[in-house]
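Biologist: I have not looked at this one before. Can you walk me through it?

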Amino acid sequence: AASDVYKRQAAGRAGLLHRLPGGRHLQPLPLLPILTQEASHDKEILHLPLRPVLRLSRGVPGGQCRLARPHLLPDGEPHLEQLPVPSVKTLLNGQFMKDFETYTTDQFVGRDGWIALKSTTERVLGKKENNNVYFAAGDTLISRFDEPDGEKVTNNLNYVNNFVENVDIPVTFSLIPTQACIWADRLPAGAPNASQTAILEQAKAAVPGASWADLYTPLWEHKGEDIFYRTDHHWTSLGAYYGYTGLATALGYTPVPLNDYTETVRSTEFYGTVFSSSGVRWVRPDTISTYVPDDGITVASHTYDNKGNPVEEPRQLYDTSFLSVKDKYSMFLGGNQPLGVVKNANNPDGPRLLIIRDSYADSLVPFLTPHFSEIHLVDLRYYKLSIADYIAQNGIDQALVLYSVPNFVTDSNLLWIAK
């Protein structure tokens with residue numbers, strides 16, 4: 001516990017003391033002074049005294065907290081990892097930020113807040129990236145795309161090719177280029193950015209038995225529109241619409257003109273996954289919109305209970321309850337699920353489509369509903385049964401394998417597609 005003298009001094013500096021169960025007090029976190037550059041690159045410019053910090057304990061009754069477990073010195077005094085002491089030199093070469101992030105990861109509650117501090121500091125220093133997220137033009141946060149593991153890419157393409165050869169229905173294959181590709185002109189000058197178009201060409205050539213759907217062209221032609229979220233890795237509903245037009249020839253339908261739909265704004269306060277990981281807090285939020293009405297559309301999620309019994313859970317095309325939580329993108333179909341089935345009562349005689357996919361398909365599915373009686377959605381992260389058996393048992397007429405480029409080249413579950 002802190003001494004009375006220290007508590008008075010600390011309260012004057014920070015205005016807050018953390019109270020532990022039993023009336024004991026914990027010293028407050030130090031305040032960070034503004035960093036200023038000194039003439040000497042070796043001069044220390046910031047000294048922060050170490051304070052014990054609280055870490056929330058899961059499962060502790062009453063929302064109590066415990067201290068982060070310290071290392072014990074021989075004399076029994078608790079010792080926590082020391083906060084790195086920056087100099088202009090370590091700030092400019094990036095070493096302080098690396099050490100600081102490790103320190104906050106190990107010791108601090110509210111890690112997101114410290115990531116935000118780190119990103120703000122790097123912005124002040126003129127840096128254009130934090131946690132593999134670029135601070136791009138137009139209030140856009142773009143996840144860095146590095147050169148993928150060539151062996152993994154080849155293996156994943158082979159899995160898709162094996163799937164195509166093992167089923168007796170037409171298969172369409174496509175990959176979705178993301179912000180780092182279509183909006184590359186927004187990236188900071190000189191930002192490393194591996195080629196997604198090279199992956200697209202490789203994928204097209206590697207699976208000759210499938211119909212390749214070109215999604216690059218319609219997205220590129222509309223790159224000046226809001227086709228991706230600025231704070232999330234997904235495409236917007238508008239981007240999904242242009243993707244839907246790119247799939248039309250391969251899947252055998254005529255796209256509904258965009259002008260036939262009325263845009264419905266669902267939220268103007270969406271901050272996505274890239275926003276969360278970046279630590280950036282100065283960009284404006286995204287808007288989530290929908291276009292396709294959900295009349296006559298039903299959604300069911302299929303899973304198993306802990307005894308292995310099948311469970312069917314009703315869902316919705318648009319679950320607006322998610323608009324009140326952080327994960328607003330899960331409004332589309334209710335978020336992740338091993339197996340989902342979307343049925344259209346307005347087109348009962350239409351074909352049945354199976355999509356082996358990632359979460360980009362969630363906002364694409366509404367546009368596909370007019371053309372199919374059923375759309376079956378399989379997420380290989382969670383679904384480990386035979387896809388070929390599923391096709392036969394459910395009267396599937398055609399299949400679509402659809403992933404974003406970054407998800408496809410890093411996915412470790414595609415081996416299940418050929419089982």
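Modeller: Of the 419 residues in the chain, buried residues make up 47%. Buried means under 20% relative accessible area, exposed over 50%, and partly exposed in between, with a 1.4 Å probe and protein chains only as cover.

Biologist: What kind of model is it, and how are residues numbered?

Modeller: This is a predicted model, in which local features need pLDDT of at least 70, side-chain atom pairs count only at pLDDT 80 or more, and totals for chains, interfaces and linings use all residues. Residues are numbered from 1 along each chain as its sequence is written, and side-chain values use heavy atoms, with hydrogens and water left out.

Biologist: How many helices and strands are in the chain?

Modeller: The chain has 13 helices and 19 strands. Both are DSSP runs numbered from the N terminus: helices are H or I with at least four residues, strands are E with at least two.

Biologist: Let's take helix 5. Which of its residues are buried?

Modeller: Val153, Asn156, Leu157, Val160, Asn161, Phe163 and Val164 are buried in helix 5. Seen down the helix axis, they fall within an arc of 155°, so they line one face of helix 5. The arc is that of the directions from the helix axis to the C-beta atoms. Glu151 and Glu165, on the other side of helix 5, are exposed.

Biologist: What covers the buried residues?

Modeller: For helix 5 the cover includes strand 10 (171-176), helix 7 (196-206), strand 17 (352-357), helix 12 (387-393), strand 19 (398-404) and helix 13 (405-410). Contact here means heavy atoms within 4.5 Å.

Biologist: What caps the N-terminal end of helix 5?

Modeller: Asp149 does, with a side-chain oxygen 2.9 Å from the backbone nitrogen of Glu151.

Biologist: Helix 7 came up as cover. Which of its residues are buried?

Modeller: In helix 7, Gln196, Ile199, Leu200 and Ala203 are buried. Down the axis of helix 7 these fall within an arc of 100°, so they line one face. Glu201 and Ala205 are exposed on the other side of helix 7. Helix 5 and helix 13 are among the elements that cover the buried residues of helix 7.

Biologist: New topic, the nonpolar core. Which residues have the most contacts inside the largest one?

Modeller: Phe163, Phe173 and Leu368 do, in a core of 90 residues. Helix 9 (residues 237-251) gives the largest share of this core, eight residues. A nonpolar core is a set of buried Ala, Val, Leu, Ile, Met, Phe, Trp, Tyr and Cys residues joined through side-chain atoms within 4.5 Å.

Biologist: What does Leu368 touch?

Modeller: Not counting residues up to four places away in sequence, Leu368 touches Tyr244, Leu251, Tyr253, Leu353, Ile355 and Ile375. A second, separate core of seven residues includes Leu141, Val274, Phe275 and Val283.

Biologist: Where is Ser276, and is it buried or exposed?

Modeller: Ser276 is in helix 10 (residues 273-278). With a relative accessible area of 18%, Ser276 is buried. Leaving out residues up to four places away in sequence, Ser276 touches Arg281 and Lys326.

Biologist: Where is Asp327?

Modeller: Asp327 is in the loop between strand 15 (310-315) and strand 16 (339-344). Asp327 counts as partly exposed because its relative accessibility is 42%.

Biologist: Which side chain does Asp327 join in a polar contact?

Modeller: That of Ser330, at 2.5 Å. A polar contact is a pair of N or O atoms within 3.5 Å; within protein, one must be able to donate a hydrogen and the other to accept it, and residues adjacent in sequence count only if both atoms are side-chain atoms.

Biologist: What about Leu333?

Modeller: Leu333 is also found in the loop between strand 15 and strand 16. Its phi is near 65°, a positive value in a residue other than glycine. At 0% relative accessibility, Leu333 counts as buried.
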